[in-house]
Amino acid sequence: MSALSIREVFRIGIGPSSSHTVGPMRAARQFLLEFGRDIDTVDEVTVELYGSLALTGRGHRTDDGLVLGLCGLEPETVDPQDVPRVLEQVRSARILALLGRRAVPFIDDQHIVFHRTRSLAGHPNAMRFSARTVAGTRTAVYYSIGGGTVRREGQGTSAAVPHEPGPVHAYDSAARLVELCVNQGLSIAQVMLVNQSALEDEPSVLVFIEQVRLAMLQSIERGSANDGVLPGGLGIRRRAPALRRRLLESPAGDPAQVLDWVSLYALAVNEENAAGARVVTAPTNGSAGVIPAVLKYYEGHVPGADAAGSRDLLLTAGAIGALFKEKASVSAAEMGCQGEIGVSCSMAAAGLTAALGGTPSQVENAAEIALEHHLGLTCDPVAGLVQVPCIERNALAAVKAIQSSRLALAGDGEHLVSLDAAIETMRQTGLDMAVRYKETSLGGLAVNVIHC
Ligand code: SF4
């Protein structure tokens, strides 16, 4: 541990959902890449969706993700502005060019099947791909296991990156990570950097961190400027631009105004996510606004903030995110919203504490505080869209992350509830949580908010 690359925690992709849009997009492309040159023998592709993917797939744009992936496009590199044109082209022509090469008939209603009352045992987010060729039909089952990571049935996850000969600093819990830091005089960010540099060279790691930082800040900038109504039919008006105007016109002196700025940053990112634009999973798309908001708070509102602090914030958040992915899950279909917003809040609190000079024990404490008060949080998106309660929830979690960090920094790192205990509690709570509260839109706000 940790055998998880930071690139699996932070992924630059597109909205609105990492597990329901980005994961299926990657799985579709991976399935077709398995054919190699034989792709030219494929006459038809069908995708069947099960469990949470079938129940909230339409609102989360799983069908769009699949079409894009079958076309060979990748979430990391596709131009979000180009997506509507590609989708329109496939749907109006009823022809899809597999990996951009092999044209086959494709009609959404026939070739993407939503099994709303069925699930597969491997994971609540399951999809079965079938490709008909002259030699017969080839099938494969993929699971979208959270944060855009996919696993092909019978194989390991795309998140598992084998370390050769193993991580430089091995640990299997938050407690061991802190112990390792204390014994070796390292920060959690340094441990993450050294371990990641065993997978790739250090300059590449630092370039990647800077790309993540810029993509996060750009999503705030775009979301603060883009006005209008979000897609999907709920008629939700974007709030970030108006809030920004209001804040710019407000007289200085309100000591709580910084909270509004933090909320604005988070709203901006998640409104962009809801619109299908470029965001960074952190650790998921639904929770993509928390860490950028805290990063922007650090850079714009904390005296003395510097580039090294921003880098430490992201590396530390990545290390904590990796712990969650390995010890529990960041899939709302398994954990509910505690696994998305709770985890992002925990990561952000840890990262901010590191940037502010906190000790490894204080970082661990901040991560624990932030998670502890999200335990039990359900996932109940109205109309299956990543909008209500998702967007606002990011704003609240960003503020909570800052406060968690401040509480931890006010102490000496000694505390009763360990981060390991909180993560295990989240995992057990997720297992016990009724399925209707786990990204199915069958319970909670999703059934109590009237919408047309
Ligand atoms: S309620 Fe939470 S977990 Fe569910 S889609 Fe929204 S942000 Fe994600």
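This is a short tour of one structure, stop by stop. The model is predicted. Keep your viewer open and select as you read.

**Stop 1: the cavities**

Start inside the protein. How many cavities of 30 Å³ or more does a search of the whole structure find? The search finds two. Go to the largest cavity, which has a volume of about 160 Å³. Its lining is made of 19 residues.

Select Gly 286, Glu 340, Cys 379, Val 386 and Cys 390. Of the lining residues, these lie nearest the centre of the largest cavity. Next, colour helix 1 (18-33) and helix 16 (390-410). These are the elements that give two or more residues to the lining of the largest cavity.

Now colour the lining by class.

**Stop 2: the ligand**

Where does the ligand sit? Show the ligand, and you will find it in the largest cavity.

Now select the residues around the ligand. They are Gly 286, Ala 332, Cys 337, Glu 340, Cys 379, Asp 380, Cys 390 and Arg 393.

**Stop 3: a salt bridge across the sequence**

Leave the cavity and turn to charged pairs. The structure holds 25 salt bridges. Select Arg 7 and Glu 200 to see one of them. The closest N and O atoms of this pair are 2.7 Å apart.

What parts does this pair tie together? Arg 7 lies in the segment before strand 1 (11-14), and Glu 200 lies in the loop between helix 7 (188-197) and helix 8 (202-225), so the pair links parts that are 193 residues apart in sequence.

Show the surface around both residues. Arg 7 is partly exposed, at 33% relative accessibility. Glu 200 has a relative accessible area of 18%, so this residue counts as buried, the limit being under 20%.

**Stop 4: a salt bridge between helices**

Next, select Asp 64 and Arg 91. They form a salt bridge, with the closest N and O atoms 2.8 Å apart. Asp 64 is in helix 3 (residues 62-70) and Arg 91 is in helix 4 (residues 83-93), so this pair ties together parts 27 residues apart in sequence.

Is Asp 64 buried or exposed? Asp 64 counts as buried, at 9% relative accessibility. Arg 91 counts as partly exposed, at 30%.

Then try Arg 311 and Asp 312. This salt bridge has its closest N and O atoms 3.5 Å apart. Arg 311 is partly exposed, with a relative accessible area of 32%.

**Stop 5: two cis peptide bonds**

Hide the side chains and follow the backbone. Zoom in on Gly 15 and Pro 16. A cis peptide bond joins them, with omega about 5°. Pro 16 is in the loop between strand 1 and helix 1.

Now jump to Val 388 and Pro 389. They too are joined by a cis peptide bond, and omega is about 10°. Look for Pro 389 in the loop between helix 15 (360-372) and helix 16.

**Stop 6: positive phi**

Stay with the backbone and select Arg 94. Its phi is near 55°, a positive value in a residue other than glycine. Arg 94 lies in the loop between helix 4 and strand 3 (95-98).

Select Glu 439 next. Glu 439 is not a glycine, yet its phi is positive, at about 55°. Find this residue in the loop between helix 17 (419-432) and helix 18 (445-448). Glu 439 counts as buried, at 3% relative accessibility.

**Stop 7: Ala 370**

Finish in helix 15, where you will find Ala 370. Ala 370 is buried, with a relative accessible area of 0%.

Technical notes: Residues numbered from 1 in each chain as written. Predicted model: local features only at pLDDT ≥ 70, side-chain atom pairs only at ≥ 80, totals over all residues. Heavy atoms only, no water. 1 Å grid on protein atoms, 1.4 Å probe; cavity = no way out; pocket = protein on both sides within 12 Å on 5 of 7 lines; lining within 4 Å. Points joined across faces, edges and corners; volume = space filled by probe spheres on them. Helix = DSSP H or I, 4+ residues; strand = E, 2+ residues; numbered from the N terminus. Salt bridge = Lys/Arg side-chain N within 4 Å of Asp/Glu carboxyl O. Buried < 20%, exposed > 50% of the residue type's maximum accessible area, 1.4 Å probe, protein only. Near = heavy atom within 4 Å. Sits in = over half its atoms within 2 Å of the grid points.
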